[in-house]
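My notes follow in the order I looked things up.

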Amino acid sequence: MADPVKTKPFDIGYVLKTTVTNMSRAVDVSISKTMGRIGEFAGDPEKSDEVFKTLTQLQSLRNSIVEFKSKNPEIFKDK
């Protein structure tokens, strides 16, 4: 029986690109869904504040992903 480590190549670029793509999509979906609920809490200052704090944190997460990509251009360059 063949050794699975030898038959399946490993590529850090593929793994990190896939991970970053999935993370970016997840953050974008969360931002979109959270923004879509802003109107629900117009009369509730506490919940409204929580929504905006959530959006701030999601934007920070998005910025971290962008920063990670910019600091690792060798991984994210097109081949």
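These entries go from ground rules to helices, core, salt bridges and surface.

**Ground rules.** I am working from a predicted model, where local features need pLDDT of at least 70, side-chain atom pairs count only at pLDDT 80 or more, and totals for chains, interfaces and linings use all residues. Residues are numbered from 1 along each chain as its sequence is written, and side-chain values use heavy atoms, with hydrogens and water left out.

**Helix 2.** I began with helix 2, residues 12–36; helices here are DSSP runs of H or I with at least four residues, strands are runs of E with at least two, and both are numbered from the N terminus. Helix 2 has 25 residues and spans 36 Å from first C-alpha to last, close to the 36 Å expected at 1.5 Å a residue. The expected span is 1.5 Å times one less than the number of residues. I then asked which residues of helix 2 are buried. They are Gly13, Val20, Val27, Ile31 and Thr34, with buried meaning under 20% relative accessible area, exposed over 50%, and partly exposed in between (1.4 Å probe, protein chains only). Their cover includes helix 3 and helix 4.

**Helix 3.** Next I looked at helix 3, residues 45–71. Helix 3 has 27 residues and reaches 39 Å from its first C-alpha to its last, close to the 39 Å expected at 1.5 Å a residue. I checked its span through Lys71 and Pro45 too: they are 26 residues apart in sequence and 39 Å apart in space, C-alpha to C-alpha. Ser48, Val51, Leu55, Leu58 and Ile65 are buried in helix 3, and helix 2 is among what covers them. Lys71, also in helix 3, is exposed at 58% relative accessible area. Asn63 of helix 3 is partly exposed at 43%. From Asn63 to Pro73 I get ten residues in sequence and 16 Å in space, C-alpha to C-alpha.

**Core.** What makes up the largest nonpolar core? I count ten residues: Val20, Val27, Ile31, Phe41, Val51, Leu55, Leu58, Ile65, Ile75 and Phe76. Helix 2, helix 3 and helix 4 (73–76) each give two or more residues to this core, and helix 3 gives the most, with four. A nonpolar core here is a set of buried Ala, Val, Leu, Ile, Met, Phe, Trp, Tyr and Cys residues joined through side-chain atoms within 4.5 Å.

Leaving out residues up to four places away in sequence, Val20 touches Ile65, Phe68, Lys69 and Phe76. With the same exclusion, Lys17 touches Ile75, Phe76 and Lys77. Lys17 is partly exposed, with a relative accessible area of 27%. Lys17 and Lys69 are 52 residues apart in sequence, yet 8.9 Å apart in space, C-alpha to C-alpha.

**Salt bridges.** How many salt bridges are there? The count comes to five, taking a salt bridge as a side-chain nitrogen of Lys or Arg within 4 Å of a carboxyl oxygen of Asp or Glu.

- Glu40 pairs with Arg37, closest N and O atoms 2.9 Å apart; Arg37 is partly exposed at 41%.
- Lys47 and Glu50 meet at 3.2 Å, N to O. They are three residues apart in helix 3, so about one helical turn separates them. Lys47 is partly exposed at 35%, and so is Glu50 at 43%.
- Asp49 and Lys53 meet at 3.3 Å, N to O. They are four residues apart in helix 3, so about one helical turn lies between them. Asp49 is partly exposed at 39%, whereas Lys53 is exposed at 52%.

**Surface patch.** Last, I looked for nonpolar residues on the outside. Phe10, Ile12, Tyr14 and Val15 form a nonpolar surface patch with about 480 Å² of accessible area together. Accessible areas come from the Shrake-Rupley method with a 1.4 Å probe, and for residues only the protein chains shown count as cover. Patches take residues with over 30% relative accessible area and no salt bridge, joining like charges within 9 Å and nonpolar side chains (Val, Leu, Ile, Met, Phe, Trp, Tyr) within 5 Å. Phe10 sits in the loop between helix 1 (4–7) and helix 2, and is exposed at 69% relative accessibility.

Notes
Contact = heavy atoms within 4.5 Å.
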